[in-house]
Each structure stands twice: as C-alpha cells, then as structure tokens.
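Thanks for coming. I'll keep this short and go through one chain, first a few residues and then the whole.

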Amino acid sequence: MIKKLKITKSSWKLKLIFQDDKKIENLLEEKNQITEDLNSKTLYLFAGKKNIYSLKIAKNFLKIAISNRRNSIIDLETFESNKVKLVDIVKASVRINYDRKDLQFSLKSKTKKSKTTKVWFKSKEINSIFEEEVVKGEISLEVRKWQMSPPNILNSEVFAKEVKESFNGIENVKVTVLNRKQIEKRNMGLLIGVNSGSNCEARVVIVEYKGNPESKQKTALVGKGIIFDSGGYSLKPAKFSLGMKFDMSGAAVAAGAVKAIAKLESKSNFTAVLSITDNLIGHKAITTDVVLKAMNGKTVEINNTDAEGRLVMADANVLATEELNATRVVNIATLTGAMLAALGHTYTGVWATDDKDWKQIKNAGKKADELLWRMPIHEDFAKFIKGSEIADLRNTDYSGNAGSSSAFQFLTQFVNPKKSSHVHFDIAGTSEISMLAKSPLIRTLVELSKEIK
C-alpha cells in the first residue's frame with residue numbers, strides 16, 4: 001500500500017516547506033496548511049520555523065501528507081533537516097502508512113478502497129531500508145487481518161491452515177501442523193484441557209526458519225492463540241467478553257514475526273510455536289478444582305478457567321525446549337488484565353531471565369521505535385501458585401498482587417533453565433486499542449534477529 005515512484009512533469013508532488021525557504025507566491029503560511037500550485041503541480045505543506053523542527057514534528061507532517069486527498073507523490077527529501085535524517089523520515093513514512101485506520105480488516109458490505117501512498121527520494125542506500133519496512137508493513141496487515149477476524153470465521157482449524165498457507169514459497173522454512181491426536185501423543189494435557197469445551201480441535205503450528213544452519217542458537221516465539229476466550233466456567237461478564245477475539249494476537253504476532261524474519265533472510269534461527277484453541281463452555285469443558293498434567297509431567301490445579309492462556313503456552317514452552325531444542329524461549333501473549341493497570345496501552349511489559357537477552361531486546365525495541373518496559377522477576381511472585389495442596393502448581397495467583405509477574409512465574413516453570421533462557425512479552429495493552437488491531441513487536445523481533453550473533 002506504499003510505493004516509491006519517480007517524479008515526472010505530469011506528477012503531482014507534495015513538499016514540506018519552511019518559513020525560511022524560498023518564498024512561494026500565495027503560500028498559506030499557517031502551520032499544517034497545504035497550498036496548491038497548479039502551474040508546477042505542487043502541494044506545499046507549511047511547517048513553520050525550521051529551528052524547532054524535530055522527528056516527532058516531522059511524523060505529524062507525514063500523517064497530514066499521507067492523508068491528503070490529492071493523489072500526489074510525497075517528496076520525502078523535503079522533510080529532511082540538519083536534525084532529522086532522511087533514513088528516519090523514510091522509516092516513519094512507511095510505518096505511518098501501514099498504521100492507517102482505513103487499512104484495518106473489515107467485513108462491511110460497503111468499504112472504500114484504500115489509496116496507495118506514493119513517495120519519492122533519491123538515495124539508493126536508503127532504498128533497501130524502505131523495502132525492508134514495506135515487508136514488515138505488509139506482514140503487519142496480514143497479522144491484523146487475523147486479529148480482527150471474527151471467531152466464527154477464523155476458528156482454530158482455519159487459523160492453523162491460513163498460517164501454513166501464508167508461508168508458501170518462502171525459503172528455508174518448514175511448517176508443521178499438529179492435530180488433536182498428535183497433541184495427545186505428546187501428552188500436552190493443559191492444551192487438551194482448555195480445548196475440551198470447544199467444537200473445534202486444538203492445533204499447534206510449528207514454523208521453523210533456519211537462517212544460520214551452522215549455529216546452535218535457536219529462538220522460539222511461543223504465541224498464545226486463544227481464538228475466543230469466554231472465560232470457561234469462570235465466565236466473563238458480558239462487557240469483558242467483548243474483544244476476546246484478540247486473545248490470539250500472540251500467535252498471530254509470532255507467526256508474522258517469523259515470516260518477516262524469513263522474507264528478509266536474517267542470519268539467525270527462529271521458530272514460531274503457536275498453541276491454538278478457544279476457551280468455551282461445553283459438556284466436556286474443564287471446571288475449577290480439576291487437575292491437569294502438562295507435557296513435562298507437572299500437575300496443575302485449575303483454580304480459574306479464565307487463566308487459560310498460560311496453560312496452552314506452558315505445554316508449548318515444553319515442546320519448544322524439549323522437542324525443538326530452543327536455546328531461548330520468547331512468550332508473546334495477551335496474558336493479563338493487570339498489564340493494562342501497570343503500563344496501559346503505552347508499553348509492552350517484558351520479563352527476561354537473562355540480562356543479555358534484555359540488552360538485545362532493549363536495543364531492538366529502540367531501533368524499532370517500540371516502547372518496552374522490563375518487569376521484575378522475584379520468587380515471591382510464585383508463592384501462591386506453588387501453594388497447591390494436591391498439585392505442583394495452581395494456575396492463578398489470588399493474592400491480588402503483581403498478577404502479571406505471577407503469570408510469568410507460572411510460565412517459567414515450563415522452561416528448562418539448563419537448556420533455554422526465557423523471555424515473556426505481555427501485549428495485553430498493546431495488541432489492540434479501541435477494538436483496532438495493532439500487530440505489536442513485529443519490527444522489534446525483526447531487529448532482535450539482527451542482534452543475534
């Protein structure tokens with residue numbers, strides 16, 4: 001939805017113009033105002049004083065330029081200054097374009113066709129950066145399509161099929177879809193328990209990309225794929241069940257990130273493990289007080305059927321470390337409402353058992369311009385979940401404190417520290433805002449793949 005084009009004499013072009021630039025006749029010298037010059041087929045967007053111009057201000061002007069009604073080519077070089085580099089302008093233009101509301105997936109009977117943004121700049125060196133941003137942008141749209149899809153259309157079986165098909169033609173990628181029998185054979189009792197109330201079978205999708213076959217380092221992105229979360233017998237109130245189609249965002253992001261990493265031919269090894277089901281009420285659905293056994297043999301007392309995401313991811317964590325030999329497990333999940341209370345819609349919470357992992361993630365987030373906040377890890381957060389009288393673990397901490405951190409403590413019980421480090425992203429606040437999908441972390445995870453040596 002964004003293209004780099006040549007400017008010709010017949011092209012309408014849009015340029016940013018500052019107060020100190022060469023005077024244009026009849027220019028509207030009011031900030032954010034556009035002047036049309038019919039003779040030169042140029043739109044001039046007035047930016048005011050250049051000495052206060054910054055990248056943050058430039059992004060606002062790019063939003064105006066991209067949303068202008070005339071189908072003009074945006075001259076990105078005019079957005080450059082001594083303080084603002086062209087490379088940052090190019091990156092921002094692509095990202096802003098793909099964040100447009102009109103590119104959100106919709107099933108409305110009447111929808112306006114989204115226009116293609118046209119841009120221009122000379123630099124051949126920056127062109128590769130532009131093309132990389134476009135790849136990430138296009139994949140983010142695919143992820144948002146999955147996120148926005150209603151659960152009656154995108155059920156667990158359809159989602160698994162679509163993910164597999166999306167990797168057709170991409171080199172160095174192997175996609176495996178595990179069905180119910182294969183999941184049972186692996187003794188993934190937590191995933192089977194959550195799936196027991198559903199009309200659709202659970203699926204586990206494994207996407208393996210080997211960008212560096214000589215390296216033993218393998219990062220596994222374990223994505224929570226709850227197609228719809230009713231809460232099970234710990235039933236959600238009506239208001240809080242709205243938007244539960246987004247509970248599969250972690251799986252969608254994990255799949256999208258590995259696809260971007262593979263298409264960009266990163267020299268690293270990344271695997272996506274997607275644990276997919278819905279969480280419904282049915283005559284076979286689990287209740288509270290039942291005890292389930294995970295793939296690694298640990299038993300879990302269910303004290304809340306609405307804490308199902310950590311259950312399906314726990315089995316996937318074991319699969320990632322014990323069967324796929326991941327050296328780093330990265331969980332991605334809309335896991336806890338407590339994350340919203342802690343960081344709102346602004347930051348994604350991050351837990352990392354290894355400081356080296358956090359350093360790489362912090363650098364990747366900075367390069368990707370995504371806000372991340374490292375959360376604390378402490379054994380105190382595991383006391384309640386380890387306090388069951390009849391099982392190894394409870395699945396929910398009812399102390400009322402540090403709910404997001406106790407959820408991490410549950411997940412990390414299923415990552416073998418002798419084999420793998422553990423990272424967890426809680427995207428409960430950043431996966432969607434006001435019922436619009438955001439496809440977070442894809443750019444960060446692509447940058448992370450470059451950090452791995």
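Is Trp146 buried or exposed? Trp146 is buried, with a relative accessible area of 3%; buried means under 20% relative accessible area, exposed means over 50%, and partly exposed is in between, with a 1.4 Å probe and protein chains only.

A word on where this comes from. This is a predicted model, in which local features need pLDDT of at least 70 and side-chain atom pairs count only at pLDDT 80 or more, while totals for chains, interfaces and linings use all residues. Residues are numbered from 1 along each chain as its sequence is written, and side-chain values use heavy atoms, with hydrogens and water left out.

Back to Trp146, which lies in helix α3. Helices (H or I, at least four residues) and strands (E, at least two) are DSSP runs, numbered from the N terminus. Setting aside neighbours within four places in sequence, Trp146 is in contact with residues including Leu154, Phe159, Met248 and Ala255, where contact means heavy atoms within 4.5 Å. Thr305 is 159 residues from Trp146 along the chain, and their C-alpha atoms are separated by 24 Å.

Ser140 lies in helix α3, residues 124-148. Ser140 is buried, at a relative accessible area of 4%. Its side chain reaches the backbone oxygen of Gly137 at 2.5 Å. Not counting residues up to four places away in sequence, Ser140 touches Tyr98, Ser439 and Ile442.

Now to a strand. Lys118 lies in β6, residues 117-120, and counts as partly exposed at 23% relative accessibility. Apart from neighbours within four places in sequence, its contacts are Lys3, Leu5, Asn71, Ser72, Ile73 and Ile74. Ile7 is 111 residues from Lys118 in sequence, and 10.0 Å away from C-alpha to C-alpha.

Finally, the whole chain. Its secondary structure comes to 13 helices and 19 strands. Of the 453 residues, 55% count as buried. Among contacts with a separation of 6 or more, 77% come from residues 24 or more positions apart.

What radius of gyration does the chain have? The chain has 24 Å, which agrees with the value near 22 Å that a compact globule of 453 residues would have. That radius is taken over C-alpha atoms, and the globule rule is 2.2 Å times the number of residues to the power 0.38. Along the principal axes, the C-alpha atoms fill a box of roughly 80 × 50 × 40 Å.

Technical notes: Polar contact = N/O pair within 3.5 Å; in protein donor to acceptor, adjacent residues only side chain to side chain.
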